[in-house]
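The questions below ask how a few of them were reached.

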Amino acid sequence: MTMTLPIDFASPAHEVAHQLIGWVFTVNGVGGRIVETEAYDREDPASHSFSGLTRRNATMFGPPGHLYVYRSYGIHWCLNIVCCDTGHGAGVLIRALEPLEGIDIMRERRGLDTLRLLCAGPGRVCQALGITGEHDGLVLESPGLELAAPTVPFETISGPRIGITKARDVPWRFGLKGSPFLSRSFR
């Protein structure tokens, strides 16, 4: 039985990013526990929405609780969940999962056996779960998508975001304390 602690996706991105730690996210039965997130807001120079609405980031300006999926460096898909009010332009990047369901499918998609590395990084998450640009704009209640509340409380940690060049000191990276499935350890 899962807890019924709803996440208000209309809340600020850094609050949602913190709250998502421990939730289980699956796509067509493949996925796992969210162990690492990062928040991005329109006022944040590291955010895709900082310079305003574009064709690429339009989903970020849409209603909260939708998926914003984009290509990073033209290679990897990355998954975000839109937050704040419609038109604001904020989201939470899913950086890492602890694989729980559909592990054999993830291993096949990723071409490796090491459980710890299957979903340790935003590009790896999308590859393992089969997320592509076709998922951009989908609402979390769409068929095949499931976000389930944790059944036990988890201790979280926070620190600066990684892999960005602007606003690197903003402590909007959140993780599940002690998880071996993080993309990188927290300092």
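Q: Where is Arg95 found?
A: In this predicted model, Arg95 lies in strand E5, which covers residues 90-101.

Q: Why is Arg95 called buried?
A: Buried means under 20% relative accessible area. Arg95 has 9%, so the label applies.

Q: What does Arg95 touch, not counting residues up to four places away in sequence?
A: The list includes Glu36, Thr37 and Glu38, and also Cys119, Ala120, Gly121 and Pro122. Val125, Ile162, Arg173 and Ser183 are on it as well.

Q: What makes Leu93 buried or exposed?
A: Leu93 is found in strand E5. The relative accessibility of Leu93 is 5%, and the cut-off for buried is under 20%, so Leu93 counts as buried.

Q: Which residues are in contact with Leu93, leaving aside its neighbours within four places in sequence?
A: Among them are Glu36, Thr37, Glu38, Tyr40 and Tyr70, together with Cys78 and Pro122. Leu93 and Ala17 are 76 residues apart in sequence, and their C-alpha atoms are 7.9 Å apart.

Q: How many disulfides does the rule give?
A: A pair of cysteine sulfur atoms must lie within 2.5 Å, and the count comes to zero. For Cys78, the nearest cysteine sulfur is that of Cys126, 5.9 Å away, and Cys78 is in no disulfide. For Cys83, the nearest is that of Cys84, at 6.0 Å, and Cys83 is in no disulfide.

Q: Why are Cys78 and Cys83 called buried?
A: The limit is under 20%. Cys78 has a relative accessibility of 4%, so Cys78 is buried. Cys83 has 0%, so Cys83 is buried too.

Q: What makes Asn28 exposed?
A: Exposed means over 50%. Asn28 reaches 62% relative accessibility, so Asn28 counts as exposed. Asn28 sits in the loop between strand E1 (24-27) and strand E2 (30-40).

Q: What is the phi of Asn28?
A: Asn28 is not a glycine, yet has a positive phi of about 50 degrees. Most residues other than glycine have a negative phi.

Q: How do you know that helix H3 is mostly covered?
A: H3 spans residues 122-129, and six of its eight residues are buried. These are Pro122, Gly123, Val125, Cys126, Ala128 and Leu129.

Q: Which elements do the buried residues of H3 pack against?
A: They pack against E1, E2, strand E4 (76-83), E5 and helix H2 (103-110). Just after H3, Gly130 has a positive phi of about 75 degrees.

Key. Residues numbered from 1 in each chain as written. Predicted model: local features only at pLDDT ≥ 70, side-chain atom pairs only at ≥ 80, totals over all residues. Heavy atoms only, no water. Helix = DSSP H or I, 4+ residues; strand = E, 2+ residues; numbered from the N terminus. Buried < 20%, exposed > 50% of the residue type's maximum accessible area, 1.4 Å probe, protein only. Contact = heavy atoms within 4.5 Å.
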